[in-house]
Amino acid sequence: MAKPQIYDVLHREHEEVSELFHQLEEAKGAEALELFARLKQKLVPHSRAEEAVVYPRLLEESNTADTTREGIEEHKQVDKLLAELDAMTPDNEVWQAKIKVLADMVGHHVDEEEGELFPRAKQVVSDQEAEQLVDEYARERDSFVEDIRLEQRDAAE
Ligand SMILES: [Fe+2]
Ligand SMILES: [Fe+2]
């Protein structure tokens with residue numbers, strides 16, 4: 001079997017995020033809050049590790065630089081909405097609306113990564129490099145997961 005490439009890992013995580021959004025759009029109260037925490041724990045480390053490991057490489061190539069810059073701006077928009085949701089609870093009358101907008105935003109971003117950025121990246125990044133990026137990405141992501149876990153633990157105390 002071929003070794004996984006960075007695109008395979010990112011794709012799998014995109015699917016996990018999308019599944020969490022489906023559940024979150026239906027959820028209310030404590031369940032919604034719990035799902036939102038799980039969503040952040042998936043989505044934020046994913047974005048930070050893309051920014052730390054994947055995007056810098058793609059900014060070096062004229063074939064992928066513009067789409068990458070767009071991606072970075074989209075991450076910022078997503079972060080803003082996450083912060084707004086962080087400041088409220090699911091009983092707020094705009095919670096559901098913000099979750100929907102966030103889901104649309106992330107869905108659009110993922111479509112652009114998978115439909116435009118990754119196909120372009122495959123033209124300029126060798127298969128071997130795309131395999132090597134997996135370990136580097138996973139290391140970054142896991143350190144962000146740990147940061148968030150500690151933050152959430154401190155917040156709960
Ligand atoms: Fe992504
Ligand atoms: Fe992304």
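Q: What makes the crossing of H1 and H4 left-handed?
A: H1 passes H4 in a left-handed crossing. That term applies if the near helix is turned anticlockwise from the far one by less than a right angle, and right-handed if clockwise. Helices here are DSSP runs of H or I with at least four residues, strands are runs of E with at least two, and both are numbered from the N terminus.

Q: What kind of source is this, and how are residues and chains labelled?
A: This is a predicted model, in which local features need pLDDT of at least 70 and side-chain atom pairs count only at pLDDT 80 or more, while totals for chains, interfaces and linings use all residues. Residues are numbered from 1 along each chain as its sequence is written, and chains are lettered from A and ligands numbered from 1 in the order in which they are written.

Q: Why are H1 and H4 called roughly antiparallel?
A: H1 and helix H4 (residues 95-124) pack at about 160°, with axes 11 Å apart. Axes are lines fitted to C-alpha atoms, for helices over the stretch in contact, and angles run from 0 to 180 degrees between N-to-C directions. Angles under 35 degrees count as roughly parallel, over 145 as roughly antiparallel, 65 to 115 as roughly perpendicular and the rest as oblique. H1 and H4 are therefore roughly antiparallel.

Q: Why are H1 and H5 called oblique instead?
A: Helix H1 (residues 6-26) and helix H5 (residues 127-156) pack at about 50°, with axes 7 Å apart. H1 and H5 are therefore oblique to each other. Ile6, Tyr7 and Val9 of H1 meet Ala130, Leu133, Val134 and Tyr137 of H5, a contact being C-beta atoms, placed from the backbone, within 7 Å.

Q: Why does Gln128 count as exposed?
A: Gln128 lies in helix H5. A residue is buried with 20 or more other C-beta atoms within 10 Å of its own, exposed with 12 or fewer, and partly exposed in between. Gln128 has 10 C-beta neighbours inside 10 Å, so it counts as exposed. Of the 157 residues of the chain, 24% count as buried.

Q: How do you know whether the radius of gyration agrees with a compact globule?
A: The radius is taken over C-alpha atoms, and the globule rule is 2.2 Å times the number of residues to the power 0.38. For 157 residues a compact globule would come near 15 Å; the chain has 16 Å, so the value agrees.

Definitions and conventions: Contact = placed C-beta atoms within 7 Å.
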